[in-house]
Amino acid sequence: MSMRAALLVSLLLMGCGGSPPAPAARLRLWTRAAELEAAPAPSATRPVFAASFEPELEGWNTVAYPTRGPAELEARVEHEQDRAFLRLTGVHGGLQRVLQVEPGTCYVFTGMLRASGLEFAGGEQGFRGASVWLGEASAEAELDQLMGPRADLLVSSWSGPSAFGQVGWQTQRHLFVTTPHTRFLHLVCSLAVAESVRAGKADFADLRLEVGTLALAWREALTAETALRADVDPPKFPWQSVRRVSAQLGGEHRPSIVLLPGERLRFALPELAAGARLVAGAGAWRPEAMAGFEGSATLRVRGVGRELTARTFASSGNAAQGRWQEFELELDGSALEFEASGDAPLLVGAPLVRTDAPRSSGANVLLISIDTLRADHVGAYGYTRATTPELDALARRGLLCRDASTQAPYTLPAHATLLSGQFPSVHGVVTRGRTLAAARSTSLAETLGQAGFATRAFTAGGFVNPVFGLDYGFEGFAQIDPIREEGSHYLRSLARRHGPELAARLVEEHGFAGLERWLGAHRDERFFLFLHTYTVHDYDAPERFLACGELACPRPPVPLRTRTAAEAAAFTPEMRAHVVHLYDAALRYTDARLGRLFAHMQELGVLDDTLIVVTSDHGEEFFEHGALQHGRTLYQELLGIPLILAGPGIEPRVLTRAAMLADVAPTLLARLGFARDDHMQGVDLLGPDWPARALWSEVDDPFAHKYALREEHGPKTIYGPETPALLFPNARAWEHYDLAADPGEERARLDGADIEAARARLLRQKQALEELGQSLGKTGLGGVDAGTMEELRELGY
């Protein structure tokens, strides 16, 4: 039997015990078996430069960081085991070699670095010496000119990792594609950049530059991208391990197929219902390592014996400037093939086969996360100022969880809990650099997507980001805050990052108007829509929603976070009051936008068929414990969140039992007829009564390290273990509070017969959760790209 025939048979029999399946209504092609006809391996690299380090160091010159003045440096050639190497000693500066290079060309730099006995003024954190720097210039210029008045000539640069703190020789390798404007490459071996060295030396050996093919650059970049997703979404078929990625064009990530020029990917399709059509977006793929590359990719789609379309897509300046080019094609057979050609890789985003099969019965899901919203500022929770009339109305027709707690006091681990139903110690996404991993966590979006739901996320990015695996299961994951409007601080910031024209386009495509369009396009399908906004987090309200006039507020200028006791002490009573007014105004505005969304859903005829959950990831401290912040403590002002559920089958009532953010996913799964995953810690809030349980919260990142356990309607214990290098160290190891008598957690209990038992319970819970997480396998590991870091800085992280 041929490979293609075997593929067809295995796909048709998959998961059906050999019996023919019912006609499929919706197929996610990126999750299915396929046959990849890969491009040939790239040719070998060719050397263009090798540093021989002759004694006179001909062609090298001494350089220094412009603000430091002349370099204080001694450079000499040493020998070790028949290897000649460059040794740098002194105070600061480096040695430079300028090489002529070709534009739009793939190069590979390799070298060996070693640092020995380095000591320097200042702390060790952030030392940038004992390293290599590569700078691409569009014209011949001295380094101090590139770093100063002629910075416009520096078109790209790379700083290699420092050898400081490492033992022995360290190998470095950097593959890059020069920009269309690059003409010269500055290779700098640095002893120290901004620091002053007191003792020690830095050694450099075997520095080489080789020229490769663009195919090599594409293949290596693709290998890195697919490896990043291997933990989040483990490949089930061979082609997925080498050609499936999460890719961004414009403001939206999609699960995508990448094909190199000359490659083909063939799918054998099962029996389809009437009206079968391929729906997808496409574009040219340009990895980060090829920031300056310009080219185009052509997609050919073939059915049985005929070509269905041929389309060409130009690469964009960067991922944000790109745009998914949508297309829809009628299908007429049991096979489908994608072929790529051109001089750039092809990207096919979220390719779906949809049919005219009737919509399956059951509810839709709308999950809304209002970042940084504390429950006690919502009217339904007793707040006396008019902030949330729409949410209050939703609560009156659904389930109001009077006592709901988050499992983490900041965005990333809390949203991982929201989407997985697991405590942070179990899902493992407790800090940046970690991602949700399918081995440990069930994705709510993936479960619903596999069941035929259209899945889409409109988020504000930052920590709610695909780099942390939160996009797993979503067919589209936008990172443009869908709630903001023109004139907001957020949109001004977006315009600074991307320019006014691109920012306006991103908001039009992925902001509130894009959200409304998506709902209209999927009104006849079951859908899972996830909506997230930082509007309240950023205190970003239009002027008309401020109530300062009626509150006689003088509107003093205020910072929106404090990091030190001195910063907090500088807040006057008027400043503290105004912070709350700004926060309430942002919430009032968000509530109004949600009211408009609910009205739009009513017009579309989908509101009554949709399960709606409104919640938050954490609260905000308004100086209750001496600061304006979140993320650093586990007091109730950060843990108490709203949780409202409404929709078909939910009777109006107030839940008297305590609820947790981890309960959202299992509750939704149960309402939709899916089993709760055994590794979830949450329960079905609408199901049979559950056994007594303790409420759990935790934070473990470079800023704070604490655990909290609260008995339902009982006392609360906080544990802050001694942890080195915390930005906000724990002042005491244990705190105990009787919340019934001391709801503000102002008077820690120092003694009592139950205190030792409470501490023992917390430590047992901590150990059990950590052991469970470890037993489920490793967490996913991923890097945080420059764009995400910029977003996090804008958010104050």
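Leaving aside neighbours within four places in sequence, Gln 172 is in contact with Phe 109, Thr 110, Gly 111, Leu 113, Val 132, Trp 158, Gly 160 and Pro 161. This is a predicted model, so keep that in mind throughout. Gln 172 sits in strand 10, residues 170-177. Its relative accessibility is 6%, so Gln 172 counts as buried, the cut-off being under 20%. The side chain of Gln 172 also reaches the backbone oxygen of Pro 161, at 2.5 Å.

Now the salt bridges. The count is 57. One of them pairs Asp 403 with Arg 710, at 2.9 Å from N to O. Asp 403 is in the loop between strand 23 and strand 24, and Arg 710 is in strand 36, so the pair ties together parts 307 residues apart in sequence. Arg 710 counts as buried, at 7% relative accessibility.

Next, Lys 716 and Glu 745, which meet at 2.7 Å, N to O. Lys 716 belongs to strand 37, while Glu 745 is in the loop between strand 38 and helix 16; the pair therefore ties together parts 29 residues apart in sequence. Lys 716 is buried, with a relative accessible area of 2%, and Glu 745 is buried, also with 2%.

Another salt bridge joins Glu 543 and Arg 555, 2.6 Å from N to O. Here Glu 543 is exposed at 52%, and Arg 555 is partly exposed at 38%.

Last item: which residues do salt bridges with shared partners join into one network? They are Glu 35, Glu 37, Arg 264, Arg 266, Arg 300, Arg 302, Glu 307, Glu 337 and Glu 339.

How values were computed. Residues are numbered from 1 along each chain as its sequence is written. This is a predicted model: local features need pLDDT of at least 70, side-chain atom pairs count only at pLDDT 80 or more; totals for chains, interfaces and linings use all residues. Side-chain values use heavy atoms; hydrogens and water are left out. Helices (H or I, at least four residues) and strands (E, at least two) are DSSP runs, numbered from the N terminus. Buried means under 20% relative accessible area, exposed over 50%, partly exposed in between (1.4 Å probe, protein chains only). A polar contact is a pair of N or O atoms within 3.5 Å; within protein, one must be able to donate a hydrogen and the other to accept it, and residues adjacent in sequence count only if both atoms are side-chain atoms. Contact means heavy atoms within 4.5 Å. A salt bridge is a side-chain nitrogen of Lys or Arg within 4 Å of a carboxyl oxygen of Asp or Glu.
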